[in-house]
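Student: Could you take me through one spot in this model, slowly and in one go? I'd like to see who sits next to whom before I look at anything else.

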Amino acid sequence: MRRGEKDNPIKSNYLEECDIPLEKFRIEPFTMVVFGGAGDLSQRKLLPTIYHLFVEGELPKDFSLIGFGLTEMSDRKYRDLIKEGVKKYRGEEFNDKKWKEFQKHLYYLSSPFEKDNNYKKLREKIKKIGIPVSKGNIEIIYYMAVPPKATPIIVERLKNHGMCKEIFNTKIIVEKPFGWDRKSAVELNNILLGAFEENQIFRIDHYLAKETVQNILFFRFSNSIFEPIWNSRNIDNVQITAVESIGVGHRGKYYEQAGVVRDMVQNHILQLVALVAMEVPVGLEADYIRDEKAKIFHSIRKMNEGHINNFTVRGQYGSGSIDGKKAIGYREEKDVDENSNTPTFIAAKLFIDNWRWANVPFYIRTGKRLSKKITEICIQFKQPPLRLFGRTCEPLEPNVLILSIQPKERISLKFGVKYPKEYNKIYPVYMDFSYQDEFKMKPHPPYERLLIDSMKGDLTLFIRQDSIKAMWEIVDPITGRWESNPPKDFPNYRAGTWGPEESSLLMQKEGRKWITR
Ligand SMILES: NC(=O)c1ccc[n+]([C@@H]2O[C@H](COP(=O)([O-])OP(=O)(O)OC[C@H]3O[C@@H](n4cnc5c(N)ncnc54)[C@H](OP(=O)(O)O)[C@@H]3O)[C@@H](O)[C@H]2O)c1
């Protein structure tokens, strides 16, 4: 019986397993070096998740983790620091006995990333504590939990010390952002590829590890009823909404430089577009799926100035209120310039120039401090060819398939039925499937899934260099145009609303409206 089956109300003989080779399920003993091992990401997400995997029995018996950072501290102090993080962010499952076992696997090395000599020390430490696997090599995972500018510095030094391909079996996990634009992303890729092979590089997009995001492919390609209508003949438009009610919080410094396009569109939103739009892959192997996604990125029409002016909307939140609580404006946030022109909202219309999607608009909108947190993909179908039920009536409510990713993980189909006792009144209803209600268990949180996959060496949920480049080519014209033409009306939406008025107008002028469930 596999893990999780005992709590599963669905009998195991109903579970259809794909023929994924067994070795994909095995994690070899490993040593993980976390550069920035005492930073915010490490303390809040990474180390608490590794602790959780340990408690759940997902990790091999032999593993070690070396935190590498600037602050001087002993192994013991590092263990105490991480203990605090685990207690704070995984408090419900903190267990003193388990912690005592877990902490024995943690080590720390303090050094500036720039200091070449200390990579020798790191190499010695790895060799001393590293666990040989069957092939005689030491399995190493480098995790870059560091400011983006540090990655090239570290990679160059690892390369100079022969620590990339030569003496260890290595993988490198790189956090977003991957560059700042196409040029810097290409430079970063060149540095990574100068030291590692492409299949050693795991570029993280945590959105892809959400169960409902992965389900888009399973839903599309394991059911025969949707695929025949998944095209421009039947679909009027696709809408992707990924909005949140929180502001920039403690990440003002990062956000000031990034803005909404680099933070959300270049990566998460475009990945969602690709999953909805891609063709059937040859197989489930990582590169087959990544090949099809890359084709979508290459097919998305590059925007010229006219298109950007007419079919993109930018916004920045001012003060307002959300759920009855006051919310400050973006310009009042910590580490944000009081005259900042950084956009916190975008709505835009994209086109995919291929046979399947010719002339079908893909509307996207994403932003901060909106009325609620919601991530949804809405596929709106075309109207019937003839309005049989009252030709003078309003247009029918369209059929919509809604794939909800957050906060509810759900699939809904909206269709019309006859309203009881009325002669020709059509009433829209929903047919719903909810993950939570059906399976009664929580999916792996994204970081958990990504860590497991990277330990196993499964690249499916990680982004390949050609896609990174192509995604930047799509967004660079927007950031370029916006940055060279500063907005005159920021802040232009109140916290707790659905964004600037122009976002609704973008749809209205085309006879459409934003859909949410
Ligand atoms: N935090 C998040 O929620 C989050 C979410 C998504 C992606 N990310 C990405 O994850 C990465 C790390 O973010 P973070 O928020 O964890 O950053 P952070 O809190 O600033 O941590 C950076 C770490 O790097 C170390 N460091 C910085 N400069 C160094 C140097 N010259 N030599 C040695 N060590 C140095 C720091 O060491 P000391 O602690 O010793 O100073 C610190 O541990 C970034 O790329 C970020 O974009 C973060």
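Tutor: Let's start with glutamine 239, which, once neighbours within four places in sequence are set aside, is in contact with Tyr363, Glu376, Ile377, Cys378, Gln380, Met507, Lys513, Trp514 and Ile515. Keep in mind that this is a predicted model. Glutamine 239 belongs to strand S7, which covers residues 235-243. Is glutamine 239 buried or exposed? It counts as buried because its relative accessibility is 0%, and the cut-off for buried is under 20% relative accessible area. Its side chain also has a polar partner: a polar contact of 3.2 Å links it to the side chain of asparagine 237.

Leaving out residues up to four places away in sequence, phenylalanine 362 touches Val238, Val273, Val276, Ala277, Ala348, Lys349, Leu350, Ile352 and Trp357.

Glycine 179 sits in the loop that runs between strand S5 (168-174) and helix H6 (182-195). With a relative accessible area of 13%, glycine 179 is buried too. Its contacts beyond four places in sequence are Ser184, Ala185, Leu188 and Trp472.

Last stop, the ligand. It is surrounded by 20 residues, and the closest are Asp40, Leu41, Arg44, Thr71 and Val146. By type, that shell splits into ten nonpolar, five polar and five charged residues. Helix H1, residues 40-55, gives the most to the shell, with three residues. For the polar pairs, a polar side-chain atom of threonine 71 lies 2.5 Å from a ligand oxygen, a side-chain N or O atom of arginine 44 is 2.6 Å from an oxygen of the ligand, and a polar backbone atom of valine 146 is 2.8 Å from a ligand oxygen. Taken alone, the ligand exposes 890 Å², and the protein buries 78% of that.

Methods. Residues numbered from 1 in each chain as written. Predicted model: local features only at pLDDT ≥ 70, side-chain atom pairs only at ≥ 80, totals over all residues. Heavy atoms only, no water. Contact = heavy atoms within 4.5 Å. Near = heavy atom within 4 Å. Polar contact = N/O pair within 3.5 Å; in protein donor to acceptor, adjacent residues only side chain to side chain. Areas by Shrake-Rupley, 256 points an atom, 1.4 Å probe, with all protein chains shown as cover. Helix = DSSP H or I, 4+ residues; strand = E, 2+ residues; numbered from the N terminus. Nonpolar A, V, L, I, M, F, W, Y, C, P; charged D, E, K, R; others polar. Buried < 20%, exposed > 50% of the residue type's maximum accessible area, 1.4 Å probe, protein only.
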